Amino acid sequence: GKTREGSAGALRTILSGKQLSKELLRDLERAMIQADIGIKTAIEIRKDIEAGWERGEIADGDAALDFLKAQLTAYYPEWDRTLNFAPEGEGPTVILVAGINGAGKTTSIAKICKSLRDDGKSVLLAACDTFRAAAVEQLEVWSGRLGVEVVKGQQGGDPAAVAFDAAAAAKARGVDVLIIDTAGRLHTQSHLMDQLSKIRRVVEKQIPGAPHEVILVIDATTGQNGVNQAKVFADSIDVTGIFLSKLDGSARGGIVIAIREALNIPVKFVGVGETPADVEPFDPASFIEAMFAEPAAS
Amino acid sequence: MFNNLSDKFEGALRKLSGKGKISESNVREAMEEVREALLEADVHYEVAESFCGNVLNKAVGAEVLDAVEPGQQMIKIVNDELIELLGGERSVDPETGQIIAPEHIMYVEPGPTVLMMSGLQGSGKTTTCGKLAGYLKKKGKSVMLCAADLQRPAAVTQLQVLTEQVEAEVEGTGSVQFYGEPDKVAAYGEAVGVAVDVCRNALKAAKREKVDVLILDTAGRLHIDEDLMGELRRVNAAVMPHQIFLVIDAMTGQDAVNSAKAFNDQLELDGVILTKFDSDTRGGAALSVKSVTGKPIRFIGVGEKLDNLEEFHADRIASRILGMGDIVSLVEKA
Ligand SMILES: Nc1nc2c(ncn2[C@@H]2O[C@H](COP(=O)(O)OP(=O)(O)OP(=O)(O)O)[C@@H](O)[C@H]2O)c(=O)[nH]1
Ligand SMILES: Nc1nc2c(ncn2[C@@H]2O[C@H](COP(=O)(O)OP(=O)(O)OP(=O)(O)O)[C@@H](O)[C@H]2O)c(=O)[nH]1
Ligand SMILES: [Mg+2]
Ligand SMILES: [Mg+2]
């Protein structure tokens with residue numbers, strides 16, 4: 001995979017060395033909308049800058065740039081960007097991964113798994129997508145490549161039963177981390193959302209304090225619908241972090257800013273390709289620079 | 001929560017309809033709200049701008065300013081303009097009230113008609129291959145599905161399982177068979193053109209078996225990935241599919257036009273298939289992609305099951321973007 005060129009291009013081009021004007025602020029608003037931040041948030045941020053300008057606190061384009069970066073970076077404090085682990089001696093740590101169809105859950109699990117393995121942790125995977133054609137086989141290919149084991153059940157079987165078996169196996173084998181893959185589902189399908197909360201409850205019962213991390217995978221190309229996705233998933237399974245996948249494309253992933261405005265869910269990782277190595281910790285400063293960069297050549 | 005377009009519209013119109021006669025500036029104000037609502041619905045920024053410009057031009061004509069109910073007239077203009085931009089296909093003929101059934105796939109004689117799916121990762125290509133096979137089976141066609149995705153783990157198996165499901169579960173006089181070369185998966189990435197060979201071999205097999213339609217399932221790829229886009233161009237040159245579809249996730253935001261443009265530039269698309277329309281997306285990506293590529297939307301996917309595929313009709317998506325199907329039909333009745 002390719003890492004994005006974190007060029008500080010267009011954000012600078014728009015603001016740097018410029019006098020502030022209504023037109024300039026309008027250009028900035030447009031760049032925010034085109035990054036999928038959402039019109040509501042884009043207007044709010046533009047108005048904040050406008051107000052600062054009128055009060056004489058923001059003098060020119062460069063000051064606006066600093067303000068903008070500080071504002072957006074403040075959404076993502078350092079402390080909430082790392083994985084939560086079970087307290088020493090109380091493992092295994094359980095990571096539950098969910099999201100809508102095709103968001104990148106299974107691939108992102110391979111990425112998280114690899115980075116845990118690189119840190120010397122033992123990992124077990126649970127194939128709780130018993131629905132989609134060859135979903136189990138897909139996870140098995142990754143487990144084979146990464147040298148970890150998978151707990152699976154019957155095709156079409158109850159995913160909560162697989163989660164139960166996996167939690168039991170993780171305890172019995174004394175692994176450090178259990179990662180649970182779930183079937184893609186739309187937040188509008190309430191029976192499938194109930195099924196997901198049931199998986200969560202099953203794990204909770206088996207391992208006190210689990211799941212320690214509940215990751216929602218969001219595709220960086222997602223439009224404003226992403227806010228609804230985050231709200232409903234958060235309600236059902238108490239999401240603790242976002243994995244922003246497919247940021248190696250030309251989409252800017254601004255939807256996570258809109259989500260952060262609506263809900264207090266931090267972004268923990270970004271996916272930048274299709275191999276297990278294509279993952280980076282979320283870095284708000286470079287994310288924001290790249291969000292306003294010149295469009296990728298195509 | 002977001003206000004949807006219909007709320008905005010009602011608000012804007014209430015302002016308009018309170019007035020006996022409206023001015024151009026009233027219309028402009030209302031259009032600003034329409035613009036915001038379109039952006040909330042993920043319509044691309046520039047498409048929203050030009051759309052509003054068009055509507056404004058029509059609306060400031062005497063038609064609206066002199067109308068008894070100017071607000072209602074405005075809605076009709078916006079709705080008609082949306083339908084026009086989406087390709088003009090209506091599910092019901094406004095004149096006769098008859099259901100219209102346009103042909104969504106063109107067949108060639110002698111067969112096989114070759115269809116190719118393309119698109120970004122995870123957009124729903126493989127699932128759509130299964131759905132299309134079922135759709136064709138119901139129409140009595142014989143179909144071959146070719147697994148040309150050698151990249152994603154278990155992609156070949158996924159298509160094979162779907163083929164078996166269509167054969168077992170979808171009623172119809174047609175048939176579906178699978179073509180794959182799973183042993184080539186390991187060679188992928190080392191030798192360029194492996195997927196091209198698989199497609200070429202599939203075409204031979206399809207001719208030998210005398211199937212009506214061959215569908216190629218390709219790997220998901222980014223439009224900015226030159227190697228993989230090159231592979232797709234080579235498949236195109238080698239097999240010369242009769243129709244190339246771009247499969248797009250209906251929840252895509254502003255970037256939908258960028259990827260669609262790139263795929264269209266490199267492949268000359270014949271049509272677009274929008275998936276995951278069963279979500280609560282407002283579907284602005286549909287409008288954006290149509291107006292930027294000019295390529296018709298042929299089908300929409302409305303679920304994960306094999307029969308969750310519908311032929312596309314512009315009027316249904318227009319009222320979805322507007323979120324105000326009821327209002328439109330009220331205007332039409334009046
Ligand atoms: N370019 C790119 N592709 C990705 C990334 N993450 C995942 N993908 C691809 O996206 C497609 C879907 O990924 P999956 O991991 O199968 O997605 P999923 O959410 O598990 O899908 P379902 O289980 O069917 O809902 C695959 O082709 C992946 O290779 C990423 O960060 N960048
Ligand atoms: N709800 C819903 N899910 C869909 C629809 N179409 C496809 N899916 C789901 O979306 C996910 C991705 O579908 P795939 O067919 O694997 O997508 P793909 O484009 O082949 O993915 P890659 O080959 O990895 O690029 C799967 O979980 C499908 O079940 C749809 O219309 N509605
Ligand atoms: Mg999966
Ligand atoms: Mg596929």
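Why is the site of ligand 1 shared between chains? Residues from chains A and B both surround ligand 1, so the site belongs to the two chains together; here a residue is taken to surround, or be near, a molecule if one of its heavy atoms lies within 4 Å of it.

**Basis of the notes.** This is a predicted model, in which local features need pLDDT of at least 70 and side-chain atom pairs count only at pLDDT 80 or more, while totals for chains, interfaces and linings use all residues. Residues are numbered from 1 along each chain as its sequence is written, chains are lettered from A and ligands numbered from 1 in the order in which they are written, and side-chain values use heavy atoms, with hydrogens and water left out.

1. **Ligand 1.** The shell around ligand 1 holds 23 residues, and G104(A), K105(A), T107(A), R132(A) and E274(A) are the closest. Helix 5 (residues 105-118) of chain A gives the most to this shell, with 4 residues; helices (H or I, at least four residues) and strands (E, at least two) are DSSP runs, numbered from the N terminus.

2. **Polar contacts of ligand 1.** A polar contact is a pair of N or O atoms within 3.5 Å; within protein, one must be able to donate a hydrogen and the other to accept it, and residues adjacent in sequence count only if both atoms are side-chain atoms. A polar side-chain atom of K105(A) lies 2.6 Å from an oxygen atom of ligand 1, whereas A103(A) approaches a ligand 1 oxygen through a polar backbone atom, at 3.2 Å. A backbone N or O atom of G273(A) is likewise 3.2 Å from an oxygen atom of ligand 1. The protein covers 96% of the 650 Å² of accessible area that ligand 1 has on its own; accessible areas come from the Shrake-Rupley method with a 1.4 Å probe, and for residues only the protein chains shown count as cover.

3. **Ligand 2.** Ligand 2 lies between chains A and B and is surrounded by 24 residues, of which K125(B), T126(B), T127(B), R152(B) and E304(B) are the closest. Helix 6 of chain B supplies the largest share of the shell, 4 residues. A polar side-chain atom of E304(B) is 2.7 Å from an oxygen atom of ligand 2, while an N or O atom in the side chain of N101(A) lies 3.4 Å from a ligand 2 oxygen. A polar backbone atom of G220(B) is 3.4 Å from an oxygen atom of ligand 2. Of the 660 Å² of accessible area that ligand 2 has on its own, the protein covers 96%.

4. **K125(B).** This residue is in helix 6 (residues 125-138) of chain B. K125(B) is buried yet has no salt bridge, and the nearest side chain of opposite charge, D217(B), is 6.1 Å away. Buried means under 20% relative accessible area, exposed over 50%, and partly exposed in between (1.4 Å probe, protein chains only). A salt bridge is a side-chain nitrogen of Lys or Arg within 4 Å of a carboxyl oxygen of Asp or Glu; Lys and Arg count as positive and Asp and Glu as negative, with His and the chain ends not counted. The side chain of K125(B) does reach the backbone oxygen of L120(B), at 2.8 Å.

5. **V289(B).** Located in helix 11 (residues 284-293) of chain B, V289(B) has a relative accessible area of 2% and is therefore buried. Leaving out residues up to four places away in sequence, V289(B) touches I248(B), A256(B), V257(B), A260(B), V272(B) and G294(B), contact meaning heavy atoms within 4.5 Å. V289(B) and H44(B) are 245 residues apart in sequence but 8.6 Å apart in space, C-alpha to C-alpha.

6. **Backbone points to check.** A cis peptide bond joins G91(A) and P92(A), with omega about -5°, and another joins A210(A) and P211(A), with omega about -10°. P92(A) is found in the loop between helix 4 (61-73) and strand 1 (93-98) of chain A. K246(A), a residue other than glycine, has a positive phi near 60° and counts as buried because its relative accessibility is 16%. K276(B), also not a glycine, has a positive phi of about 60° and lies in the loop between strand 6 (271-275) and helix 11 of chain B.
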